[in-house]
Amino acid sequence: MPHPWIPNSSLNVKREMMKHLGISDIMELFSDVPRSLILKGPLNIGFNRSLTEYEVVRKFEEITSGDKVFKSPPPFIGGGFCAHYVPAAVKALISRAEFYTAYTPYQPEVAQGLLQSIFEYQSLMAELYAVDVVNASLYNGSTAAAEAVRMALRVKRGRRKVLISKTSHPEVREVIKTWLRGTGATAVEVGYDRETGEVSLNKLKSLLNSDVAAVYIEYPNFFGIVESVTKDVIEEAHRAGALAIVFSNPIALGVLEPPGRLGADIVVGDTQPLGAGLNFGGPSAGILGIKEDRAMLRQLPGRLIGATTTIDGDELGYMMILQTREQHIRRERATSNITTNSNLMAIAAAIYTSLLGSEGFKRIGQAILGRTRYALKKLSAIDDIRAPLFSNRAFFRELPIGFKRFRRASDVIKKLLGMGIHIGPALGRFYKELKEGCLICVTELHTRRDIDMLATSLSEITSGGGLDV
Amino acid sequence: MYKQAKWDEPLIFEVGKHSKQGLLVDDEFRQEFLDAINDIPGEYLRKTGPLIPSLSEVEVVRHFTRLSQMSYGIDVGSVPLGSCTMKYNPKVSEDIAGRDSVCFIHPYQDESTIQGLLRILYLMQTWLKEITGTDVCSLQPPAGASGELAGALMIRKYHEDRGELDRNEMLIPDSAHGSNPASAVMAGFKVVKIPTDPNGDTDVDALRASISNRTAGIMLTNPSTLGLFESRILEISDIVHKAGGLLYYDGANLNGILGIARPGDMGFDVVHINLHKTFAAPHGGGGPGAGAVCAKGVLKDYVPAPIVDYDGRRFYFKYDVRRSIGRVSWFYGNIVPIIKSFIYLACLGPRVREVAEISVLNTNYFMKEVTKLPGVDLVYGRDRWRKHEVVLSFNKLHRDTGVTAEDIAKALLDRGFHAPTIYFPLIVPEAHMVELTESESKEYIDSLVEAYKGIVRQAYSAPESLRRAPQNTSIKRLDPLPANHPRTMAPTYKYIGRLKEHRKLLKG
């Protein structure tokens, strides 16, 4: 039978086309492939034979039937990604096939809508982060951070070091280190203050010198803390002639002062909370922005959309700009190898942001901040829980807690899982010295009852048989 | 006749009066919020809100619906961009990958609660190993170029681990995708360019002359960007390996040999795959994609960790990949497109070979018809069958009429076809690089040939008229000069004034 996705697999059509080419066997088209390389039999992939649409749906459902989707209560898991609501309008609009089945807009005249959407994404993110230019997206927050670091090394040519706060996302730190292999530059981690959960300003100062190209921090940091030293870190970086790279959670920026206004030279972030969903970690889109500065602009990685006019000057339109920075033009001298980015997720972020508006952004920030505080209040009332884990009380969305009688937070997480509630990740996974610690994340999706339930369950677990398992 | 939708759709900032709301947010935790801000130093509280328009839901929906109508995807018509493998994206994949069992799973959710999802990823790794002829696959790279970077870094680390620090040269053919040299440089290599011989293959003599004990490896795509199978691949592999170098396979063109031959069998040590090309995950207007990296033999312990493993009882993430280069991205890769590709492969199963057979049949059928036209030529390997794509040269037509490859591309847009890749590969003058994939029917290909025929006729009879193309798209040809000039450049909304100013001057 002809396959529905391969129209010309119909025997008659195939024969007709082959006849047209003067061949009798389709393998004649592969006569230049060395015979020893031609596979003798079919590949062993799929489920023994081709499946019908209804069979594959059934197969997927069977395989995943034992999986648990945490809906009530939604997961309290943090660690960079948190459960947020994806508005139905976002889902509907990014399901428009003209958007999701399109390619990179190499032909701007048929892609004006796509280009305008991305131009709007760039403009909206620039507003949110208080910078002048935001690119058309990178893969995600972790690679945006790595690109920012590499960009700083190009801008600060000759300097071979970058300082990274240990209060940053541990996986982002790993990604940056991998992306620096081959540059000759090194990433040095700056320790944090065990008391406050903030990067140690003294340690930072002792490491800063004229060889440092950039300082990378997160705001709020991996623990959810709005570090009180953020501004000092930026100032110290500047004093040493280094760039300050600040990673910020966009959903916080209706309430928190944007990094652009705190003096960051490069802002980065991830659109996960802006209508991307959890997606088991991907995709989302990486945000990267800068102030208007010619030297910086020349080193910007990734696509950039700009407004222009038609050749006759009659109309305004949009197209890719400054393409001479990019791999398809500049090849080995490109600012990055990035080709495919995360366009559809960027459009999702633009739609989400447009739905919220500036008032909505303030409101959602308040709603999340209020819930974080409520969770803190409830959890700190439990005897066997140290909430917060550090002395600092300025949290947004995520909150680190510690267990006094359980030496490993992972044991508590497992027990709570048995009650249908999921918190995490255990901090011991990333910080040897914080084995008793764990993150909790609350968002607009969590109700008062959800948080109460979490507190009651944790109280039960931690007060009952708290000996190490 | 084709006529693309055209709305005079303003920028979102100019859509309407800004005092509406598109999404409600509750106010249940007002008191707690007021308590919380007392603990945040004032300097970190936002003073002036972002200038984001406040619109109703219906206004936002209409705005983006209209913008979508001024866009063009595979569901509208073919997008025959060469080396981009724009094939049909099955709807069933969209349906399944959009479910909560994929989209509402947190990356740090306990492995015991997602055994099914992990099994799918494990199967996907297994299938990709089988397809590429390799020993191990990591699904972590979020796109092709990221898989390229991973591959180049793996080669680098391999030589470092052996103490061969002098191996800093990466050989790359002059027909390669731009991302190859860009990735090689990112991984710290110097690029050594290898020319193409008149037959369209990598020039093996030039390769021999370039190889030395400084050679780290070679980056190849096979079939090449000319759509030709590298017929001396086994010889190339032998030369590079004997000199102590490794072979990297750029998977962008895998569609042409799927199920017929495998990179691992050809001697490649590391392979990247674009799941959003070869395995039908949609391209999203430029992403997100998904780009697995697979390796064999000496490189198998170098892939980015974690990978999914199975111990006979349960599926789990394996973090201790002995010589791993480390993470190229956080978490485990772009899961949603990976699921879409899984569905595609699960449906086709052993029939995946027909993908290559029919896409190659389509290419050659198209090539035979279109090269009958005056002014259209093939530059390399004229007498050879193509694989996944064909590169046409309009050099003669350009000399005869002054009409450029770009003019022809714009004329295709006017006829309702998306243009192919133009001016690439760089070694072909006035190039159109056409890849039809297995998705296009004979009837559609015939209509594309007819469109080319009409354009070529027009080029010889009324060349000037083609310079004015396109006319039927939502906008006429755009001017890259004001877009890129520092005085008029407008990368965000707040700069749009300078462009409007420029336009006013232009129009008097």
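Author: By the rule applied here, 68 salt bridges are counted over all chains, a salt bridge being a side-chain nitrogen of Lys or Arg within 4 Å of a carboxyl oxygen of Asp or Glu. Side chains of opposite charge can pair when their charged atoms come close. The model is a predicted one, in which local features need pLDDT of at least 70, side-chain atom pairs count only at pLDDT 80 or more, and totals for chains, interfaces and linings use all residues. Residues are numbered from 1 along each chain as its sequence is written, chains are lettered from A and ligands numbered from 1 in the order in which they are written, and side-chain values use heavy atoms, with hydrogens and water left out.

Across the interface of chain A and chain B, the rule finds 19 salt bridges. One of them joins the side chains of A:Asp32 and B:Arg384, at 3.4 Å from N to O. A:Glu61 likewise forms a salt bridge with B:Arg99, and the closest N and O atoms of this pair are 2.6 Å apart. This pair crosses between chains: A:Glu61 lies in helix α2 (residues 53-64) of chain A, whereas B:Arg99 lies in the loop between α3 (91-97) and α4 (100-103) of chain B. Helices here are DSSP runs of H or I with at least four residues, numbered from the N terminus.

A further arginine deserves attention. B:Arg351 is located in the loop between α12 (335-348) and α13 (352-370) of chain B. Its side chain reaches the backbone oxygen of A:Met1 at 2.7 Å. Leaving aside residues up to four places away in sequence, B:Arg351 touches A:Met1, A:Pro2, A:His3, A:Ser9 and A:Ser50, where contact means heavy atoms within 4.5 Å.

Taken as a whole, the interface brings 203 residues of chain A into contact with 222 residues of chain B. The area buried between the two chains is about 18,500 Å², and carbon and sulfur atoms give 64% of it; buried area is the accessible area (1.4 Å probe) that two parts lose on being put together, summed over both. Between chain A and chain B there are 109 residue pairs in polar contact, both residues being at pLDDT 80 or more. A polar contact is a pair of N or O atoms within 3.5 Å; within protein, one must be able to donate a hydrogen and the other to accept it, and residues adjacent in sequence count only if both atoms are side-chain atoms. Helix α14 (residues 343-380) of chain A supplies the largest share of the side of chain A that touches chain B, namely 24 residues.

Methods
Helices (H or I, at least four residues) and strands (E, at least two) are DSSP runs, numbered from the N terminus.
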